[in-house]
Amino acid sequence: MNSLSERPTNPLIATTLIAGTLDLLSAVTYALLEGKNPLAIPVGIASAIWPGAIKAGAPALVVGVLLHFIIMFVMVAVFLATARKIPWLTAKPFASGVLYGLLLWAVMNLIVLPLRWPSLFPHITALSFGEQIFSHTVLVGLPIAWMASRATKHRDA
């Protein structure tokens with residue numbers, strides 16, 4: 001019987017938690033650096049599906065964080081499913097992570113957010129673009145590709 005420390009970690013869950021946490025922490029950090037309330041980040045996420053979230057307090061924070069991790073779960077699942085069909089993605093995690101991060105940025109900022117909030121998006125400044133590209137490539141795309149690559153090596157071993 002394997003001990004808990006020897007038990008393999010589900011790459012989908014582990015990657016979602018790591019990339020999701022890094023992404024959320026970056027958004028909170030950017031909000032703090034801009035003098036904004038960092039709690040507005042998860043409330044804003046919750047408002048995508050809950051129009052009254054801004055007045056809901058703590059429940060909106062919980063819904064926003066959960067929704068953030070659900071979205072990240074989908075992003076990770078798509079990469080892992082695609083990597084099974086295209087081995088290059090796990091063979092070259094740096095390149096695929098950067099490319100996937102750029103793709104995620106484009107999908108979120110040029111499609112998803114403008115569809116939900118057409119009057120607010122796309123609103124791209126040089127600073128926000130740099131922050132978002134950093135977050136999507138370094139804190140999301142690279143960890144997803146790197147962890148997928150590691151999971152593939154463990155599976156093949």
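Author: Buried denotes a relative accessible area under 20%, exposed one over 50%, and partly exposed anything in between, computed with a 1.4 Å probe on protein chains only. The model is predicted, so that local features need pLDDT of at least 70 and side-chain atom pairs count only at pLDDT 80 or more, while totals for chains, interfaces and linings use all residues. Residues are numbered from 1 along each chain as its sequence is written, and side-chain values use heavy atoms, with hydrogens and water left out.

Reader: Is phenylalanine 129 buried, partly exposed or exposed?

Author: The relative accessible area of phenylalanine 129 is 37%.

Reader: How are the rings of tryptophan 105 and phenylalanine 129 arranged?

Author: Rings of Phe, Tyr and Trp (its six-membered ring) pair if their centres lie within 6.5 Å; planes under 30 degrees apart are stacked, those over 60 edge-to-face, and the rest tilted. The structure holds two aromatic pairs. In the pair of tryptophan 105 and phenylalanine 129, the centres are 5.3 Å apart and the planes stand at 90°, so the arrangement is edge-to-face.

Reader: Which helices does this pair link?

Author: Helices (H or I, at least four residues) are DSSP runs, as are strands (E, at least two), numbered from the N terminus. The two residues are 24 residues apart in the chain. Tryptophan 105 belongs to residues 93-116 and phenylalanine 129 to another helix, the two being α5 and α6.

Reader: Which residues does histidine 136 touch, not counting those up to four places away in sequence?

Author: Histidine 136 lies in helix α6 (residues 126-156) and counts as buried at 12% relative accessibility. With contact taken as heavy atoms within 4.5 Å, the residues touched are Gly101, Leu104, Trp105, Met108, Asn109 and Gly141.

Reader: How far apart are the closest N and O atoms of lysine 36 and glutamate 34?

Author: A salt bridge requires a side-chain nitrogen of Lys or Arg within 4 Å of a carboxyl oxygen of Asp or Glu. Lysine 36 is exposed at 51%, whereas glutamate 34 is partly exposed at 39%. Their closest N and O atoms form the bridge at 3.3 Å.
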